[in-house]
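Subject: Handover of a structure for your study

Dear colleague,

Please find below the structure that I am handing over to you.

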Amino acid sequence: MNIQYLGHSCFLVQHEDTRVIIDPFLTHNPKAAMKAEDVQVDAVILTHGHGDHFGDALDIARKNDCPIVASYEICEYVNEQGLKSVSVGLGGSVKFDWGRVKQTLAFHGTGLELPDGRTINGGNPAGVLVTIGDKTFYHAGDTGLFGDMKLIGELNRLDAAALPIGDKFTMGPEDALVAATWLNAGLYIPMHYNTFPAIAQDGDQWVSNLAECGLRGAALKPGESVSV
Ligand code: NI
Ligand code: MN
């Protein structure tokens, strides 16, 4: 599985012939590593509806004629726009011919921020376990630390996990380090930091701290990728 970091919480995940994008916040992200119109994917996966995650989801789904995989509430809005969606709820999973997406808990806000500036109910925020072939990537979404992350680590073999470290809106680096010790992932990738001054953090320092705990991390710069 190849995991390319496109900045903020956006990842392009490729395995075998499948490509999916998670939380495609590109156009209004000053650090984005790809233009929305260049994204070629089989699905758009959303953890929640905040603008820095919903981002270019509609345009990418329209251009690729692919579904948006998200909460029931976000999918209702997607359907109203004439686009395809696959809804999934906390603890539930959906299967595709290319793999599986399972929603996990996340403790965060629920708004769906629309392009016109309105905010409507976006359902529960989530993390996602994205399995393609024999590989699983855990994207924690925006969340604070919670004890059931231990269960996610116990019940799944995670090849890689992306954790927010920006603090303020999500876990900060210290709590993300605790999460990493619980998840048993093969590789940890920090996200949701340095996009804006309010979430400035040192990703390389976090990876060094992981190494002191015997854990492997990669602070990818936007555009960089890693294979797991
Ligand atoms: Ni958010
Ligand atoms: Mn966010």
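The notes below treat the metal sites, then the charged pairs, and finally two further residues.

This is a predicted model, in which local features need pLDDT of at least 70 and side-chain atom pairs count only at pLDDT 80 or more, while totals for chains, interfaces and linings use all residues. Residues are numbered from 1 along each chain as its sequence is written, chains are lettered from A and ligands numbered from 1 in the order in which they are written, and side-chain values use heavy atoms, with hydrogens and water left out.

**The metal sites**

Which residues coordinate the nickel ion (ligand 1)? The donors are H48 (NE2), H50 (ND1), H108 (NE2) and D142 (OD), at 2.1 to 2.3 Å. A donor here is an N, O or S atom within 2.8 Å of the metal (3.2 Å for Na, K and Ca); water is not among the atoms, so sites may look incomplete. Along the chain, the donors of the nickel ion follow the spacing H-x1-H-x57-H-x33-D. The angles among the four donor atoms run from 87 to 173°, and the site is irregular. For four donors, tetrahedral requires all angles to lie between 85 and 135 degrees; four count as square planar and six as octahedral if opposite donors are over 155 degrees apart and all others between 65 and 115, and anything else is irregular.

The manganese ion (ligand 2) is held by D52 (OD), H53 (NE2), D142 (OD) and H192 (NE2), at 2.1 to 2.2 Å. The sequence spacing of these donor residues is D-H-x88-D-x49-H. D52 and H53 are both buried, where buried means under 20% relative accessible area, exposed means over 50%, and partly exposed lies in between (1.4 Å probe, protein chains only).

H48 lies in the loop between β4 (43–45) and α1 (51–54), and D142 in the loop between β12 (135–139) and α4 (149–155), so the pair ties together parts that are 94 residues apart in sequence. H48 and D142 are both buried.

The side chain of D142 also makes polar contacts with the side chains of H108 (3.0 Å) and H192 (3.1 Å). A polar contact is a pair of N or O atoms within 3.5 Å; within protein, one must be able to donate a hydrogen and the other to accept it, and residues adjacent in sequence count only if both atoms are side-chain atoms.

**The charged pairs**

Side chains of opposite charge can pair when their charged atoms come close. How many salt bridges are there? The count comes to four, a salt bridge being a side-chain nitrogen of Lys or Arg within 4 Å of a carboxyl oxygen of Asp or Glu.

- R62 is partly exposed at 45% relative accessibility, and D59 is partly exposed at 46%.
- K84 is partly exposed, at 42%, whereas D65 is exposed, at 56%.
- D159 is buried, with a relative accessible area of 13%, whereas R157 is exposed, at 58%.

**Two further residues**

E16 is placed in the loop between β2 (10–15) and β3 (18–22) and is exposed, with a relative accessible area of 57%. The C-alpha atoms of E16 and G133 are separated by 7.6 Å, although the residues are 117 apart along the chain.

N79 lies in helix α3 and is partly exposed, at 43%. Leaving aside neighbours within four places in sequence, N79 is in contact (heavy atoms within 4.5 Å) with K84 and S85.

Yours sincerely

Terms used: Helices (H or I, at least four residues) and strands (E, at least two) are DSSP runs, numbered from the N terminus.
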